[in-house]
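Keep the viewer open, try each task yourself, and then follow the solution step by step.

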Amino acid sequence: MLLVDIILPGLVLGGMYALIALGLTLQYGVARIMNLSYGESLVAAAFGAFSLYSGLGLGPLAALLLAVPVAMLLNWLLYRFLLERLMRRGKDRGAQEIDSILVTFGALFVIQGAMLVAFGGQYYSYSYLSIPLTIMGSTLAVNRLVALLFAAVVGGAVYLALTRTRIGTAVRAIAVDPNAARLVGIDVAALSGFAFAFGGGLVAVGGVLVSMFLTFNAAMGVIFTMKALVVVIMGGVGNVLGALVAGLLLGVVETAVARLVDPGLTLAATYALFLGVLLIKPTGLFGRAAS
Amino acid sequence: MFSANRRTLLRVTGLAAVATALGSFASAADAQEKIRIGYAISKTGPYAGGAGITTLPNYELWVKDVNAAGGIKLGDKKLPIEVVEYDDRSSSEEAVKAIERLANQDKVDFILPPWSTGLNLAVGPTLNRLGYPHLAVTSVTDKAPELAKRWSNATFWLGTSAQISEGLADLLGKLKSEGKIGANIAMVSIADQFGIELSAAGREAFKKHGFTLTYDKTYPMGAQDLQPLLKDAIASNPDAFVAFSYPPDTIALTEQAQLLKFNPKVFYVGVGTAFPLYKGKFAANSEGVMGIGGWNADSPQLKDYLARHKAATGKEPDRWASSITYASLQVLQQAIEKVGKLDRAAVAAEIRSGTFDTIIGKVKLKDGLLQDVWSVGQWQNGEFYALAPASLPGARAPVVPKAQWQ
Amino acid sequence: MTGPLRALLWCAALALAAAVVTYPRYANGYYLALGISVLYFTILATAWAMFSGPTRYISLATVAFFGLGAYTAAVLGETMPWPVVLLAAAGVGVLTAAITGLSTLRLSGIYFVIFSFGLAELIRQLVIWYEVNIHKSVGRYLFSAVTQDILYWQLLGLTAIVFLVGWLLGRSRYGLALRAIGADETAASHSGIDATRIKLGVFILSATFMAMTGAVMAPRWTYIDPAIAFNPTISFQVVIMALLGGAGSLFGPVLGVVPLVLLFEVLTATLPNHFSIVLGIIFVLIVMVLPNGVIGLFGAGRWRVPAGHPATASARKMDATLLAVDGVSKSFSGLRAVEDVSFTVAPGEIIGIIGPNGSGKTTLLNTLSGALRPSSGTIRFSGTVLNGLRAHQIARLGLARTFQLVRVMPDLTVAENVAAARLFSTSNGSDATGRELLDLVGLGTMHEAPAGELTYIDQKRLELARALALQPRLVLLDEWLAGLNPSELETGIALIAKLRERGLTIIMVEHVMDAIRALCGHCIVMNAGSVIARGTPDDVLADPKVVAAYLGGDDA
């Protein structure tokens, strides 16, 4: 039973990792924005969910209906008025990457500062769906299961949308080569903006859902940014399926190490796994071959 | 120098109106009108969470209280406090630089300490060299006695790690001898200096009292899921569960314990148990949970403090270091008033040697350390009462076994 | 510049230097602390840019080395003399950088960025685990008598060294090699540059400075724990400062460090509660307004390398067979792209390789030049077996190439592109100077133009000049004439003919049959990976098998 008790909670933890990484696969993989303010956006969504819950009594799942469109709009504005200019200015992908790192680093401070003014530096936490559910002898929290479920459903849906629809194909074409995409008549700027905004919406999903079970404060964004980056890179940039698999893998490994080896080594093990994957496959689990 | 010269120059040229306009600029030099107090605190970065609950609200409350009463009495007149504040961004180097700035640029009269052991130790040598009294309240270290010897201007207020662990072990030992709990303890701790010192001291102390550690592991800072750890701790079937954890983990451990229906006779977690957040989140389930700290909630001074804190900052204080932080500021004020002038060396000496009347009762430091500190508290009827050391006035009896989670 | 003006500038520079050195004598504690901040970020950012600027490998591992240095100081600081501690810190930096560099430098782009971050975190987790389980205490105390003055001077010394080393590096051939790698790693290795070794060397050098900075700073904080020593924001700040200033030049990073440190300082002081927001906005504005970093304002930022190193005169060895290809095959996971190809090339000969698209011509060239390793068969060049040698080694033996899709190093000037190929050349072939080579290919007037701004044909010319600069005995031209208009084609054919007259041996893959007829004495025809015909151009082009192959091909 120990095996089940490792795999199930591992998958649940991994589901959370995948969930917080989904937005970044779109923002970085497709829109080519290396968004350093990613974690701050996520925490902002968590604060939004907290405010709606404590202020209006609106549950986080209902809050999604509000948070996601708002986040998409804000991210679209950010892209349209700031990032798009940089994308046009950068003469190659390297220059665009550097510019987007710098600008989103500034955005990080703006978002964090706004949260500090509104909420101060202290910790926030509330309880929602903190109900035990026993599956095959392993007890799991419903709120964490919901996060896993969302990761799987949203991740799966985005994956299908990218591979099975016309617009998805266009988006993937941009991810591979924006210049070539432009040549075949794809409106790269508009679609990149859409991908970035959609990624922003997914960040909001992640933020709202993790607020149900994680304690957070205004200064914690960088933790999520880093986790998301690790998952995205490990899965292969721009590959939604890769992010899902990488997230779940990290969760299971972390849980296995905690149960079987030493809880003190969990984070070391996840980083070792990440580095190991990159050493064997330099472009991630599902990455395209290096060009 | 600069502003004084400029002022002379301006007067000479007869532009008195401009000089008046620059009045706020010049006020830096007028030490007689105000007492300038500076601090750099973590408003951003990983320490913002701790500083935002324990330290910053108390600085603000204290300044408000003192100024509402007319200021600090210096000789025969009262001088209001003027505050200079910076953000150290949770960085040791920024903290040191901010101290230099407060001392050399702003020429403040006194400096209040940053939050956390690391930052207090980082600014220690600088405050010592500059001769400012250093109230190292939020630093818990076994090196405290040695540091207090090394830095005669510094004082330590939360006890040592050993004191906290021994307080807990004494309490558990007593419960064991009364037959209320068995001899098995599961202990988890966070892998930083705080967790390591406490768990190391705990290991010794528990052994001395005849306990067996059935589970004893650390976990890294930033671990997102503590359920695996908790499951193995539960499997070891302990009578008491002890976690030396940080606030997010304290909350996560409590939540997971409820989900897993883990009901040991003693459930001790913390830092963070003493935070109002804990009671707010777990409500009735916080009942019976033990943690670091605690206070004598029946004391009228503390009741009054609680009310003022709520009124001024909009939230309740934590029940461990908050009241001590505030008390340390009262000590500073009274020391300044006793010395009667802005003589920092004399004030530092007075803090160490004097006896003061504060919200936590009479305070008298010994060798630069506050001796009587609460090590264990417990949520009872919605208040976090202090349990140990039982010898201190106001100590309550523990409620054991803890009620089942609801 | 006139004499008196120059003297005045020298005086100003000396006065500035004196002011910087004696700074602790007149600055108060706060300004001194500010100076310390500026210096320590200057060292870190300059060291970072030393590697990351030219190669464009954005490393987030700064704090890994910085933290290890700080830890080394914390562990040894109270028991060992200070110089030993510094050396030990440098040693730890070298060792870690060597191990990690070897494993990571094959990654590129974002994968390297995040890998370097993961690396820093892994090192931090391992240090924590070691401290918890072996040392039984996570924090370390380091009481030291180092005053701010001494700290400042130590950092100043280190700053001077880092600038000196950076300057020497920039002037050395390694500096240009590093920039060539950053511009186009493949082209660089085919120009004889050992990309891996140079990247590793500079990575280690930069890590050493970071580790020493950590060791110097550690005593200031009394207390070192992993959260302090391995604080990832240090890595980010360093990247941001260096990029903002301009990471492509030696003095760029410091131009980012000074304004940012001051900006942080001013904002924390005036707006302690809103500083984040304002800082963020200002930061965004700066990036939007300064696309090339602060140093872009001065229009500077490159280390120029003088064109045309005089090359040493050399004797030419004549062999009966320069290149012998024997039974070479190359397959990609089952797909055989080149199958059992054999041919020989005599000195002074021009061999044409023709065949429909996808017939394996470029793959064959890639196995010859070391871009790919043949699955079987042997390749001998002037008696040396090339199998298993890497691109830069083959290039240094005197086997140069151009690429089907032209590859110049776009950020380097024309002259630098050529100079890059001569850096490590050990061949004793042609002995023309860079200037002569550029004249030869018709780029004599464009020495200082950035290669990226050349027209397509000029880039092809430059690529040829770069190949020739290796002083090669054999040049592989991969569709070098493709895409040229008729008059350009004529010039191109004449140029190749001129090269043959100079005694150069050439293998050309080409679709332009006129050129093949005009230049090649001998041709081999490939189809589906195999040689299907060989002989004079006229013979093979009349061969029915060849005609069938071309007609059957998708697009001939």
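A salt bridge is a side-chain nitrogen of Lys or Arg within 4 Å of a carboxyl oxygen of Asp or Glu. Please keep in mind that this is a predicted model.

**Exercise 1. A network and two pairs in chain B**

Task: Find which residues are linked with C:Glu265 in a network of salt bridges, then examine the pairs formed by B:Glu383 and B:Lys338.

Solution: 
- Step 1. The network links C:Glu265 with B:Arg89, B:Glu94, B:Lys97 and B:Arg101. For context, a search of the whole structure gives 41 salt bridges over all chains.
- Step 2. Now turn to B:Glu383, whose salt-bridge partner is B:Arg319; their closest N and O atoms are 2.9 Å apart. B:Glu383 belongs to strand S16 (residues 383-388) of chain B, while B:Arg319 sits in the loop between helix H13 (300-313) and helix H14 (321-339), so this pair ties together parts that are 64 residues apart in sequence. B:Glu383 and B:Arg319 are both buried.
- Step 3. B:Lys338 forms a salt bridge with B:Glu350, and here the closest N and O atoms are 3.6 Å apart. The pair connects helix H14 of chain B, which holds B:Lys338, with helix H15 (residues 344-353), which holds B:Glu350; the two residues are 12 apart.
- Step 4. To classify these two, use the cut-off: buried means under 20% relative accessible area, and partly exposed lies between that and 50%. B:Lys338 has 46% relative accessibility, so B:Lys338 counts as partly exposed. B:Glu350 has 19%, so B:Glu350 counts as buried.

**Exercise 2. A pair in chain C**

Task: Which residue forms a salt bridge with C:Arg140, and are the two buried or exposed?

Solution: 
- Step 1. The partner is C:Glu131, with the closest N and O atoms 2.8 Å apart.
- Step 2. C:Arg140 and C:Glu131 are both buried.

**Exercise 3. A leucine in a loop**

Task: Where is A:Leu265 found, and which residues does A:Leu265 touch?

Solution: 
- Step 1. A:Leu265 is in the loop between helix H10 (240-260) and helix H11 (266-280) of chain A.
- Step 2. With 19% relative accessibility, A:Leu265 counts as buried.
- Step 3. Leaving out residues up to four places away in sequence, A:Leu265 touches A:Val257 and C:Trp129.
- Step 4. A:Glu254 is 11 residues from A:Leu265 in sequence, and their C-alpha atoms are 8.5 Å apart in space.

**Exercise 4. Strands in chains B and C**

Task: Work out how strand S13 (residues 355-358) of chain B pairs with strand S14 (residues 361-364), then give the order of the strands in an open sheet of chain C.

Solution: 
- Step 1. S13(B) and S14(B) are antiparallel and share four bridges. They form a hairpin with two residues between them.
- Step 2. B:Thr355 has B:Lys364 of S14(B) as its bridge partner.
- Step 3. The covered face of S13(B) has B:Phe356 and B:Thr358, and the uncovered face has B:Thr355 and B:Asp357.
- Step 4. In chain C, four strands form an open antiparallel sheet in the order S4-S3-S6-S7. Its edge strands are S4 (335-345) and S7 (384-385), each pairing on one side only.
- Step 5. Two bridges join strand S6 (residues 376-381) of chain C to S7(C), and C:Arg380 stands opposite C:Val385 in S7(C).

Methods:
Residues are numbered from 1 along each chain as its sequence is written. Chains are lettered from A and ligands numbered from 1 in the order in which they are written. This is a predicted model: local features need pLDDT of at least 70, side-chain atom pairs count only at pLDDT 80 or more; totals for chains, interfaces and linings use all residues. Side-chain values use heavy atoms; hydrogens and water are left out. Two strands pair if DSSP finds at least two bridges between them. Buried means under 20% relative accessible area, exposed over 50%, partly exposed in between (1.4 Å probe, protein chains only). Contact means heavy atoms within 4.5 Å.
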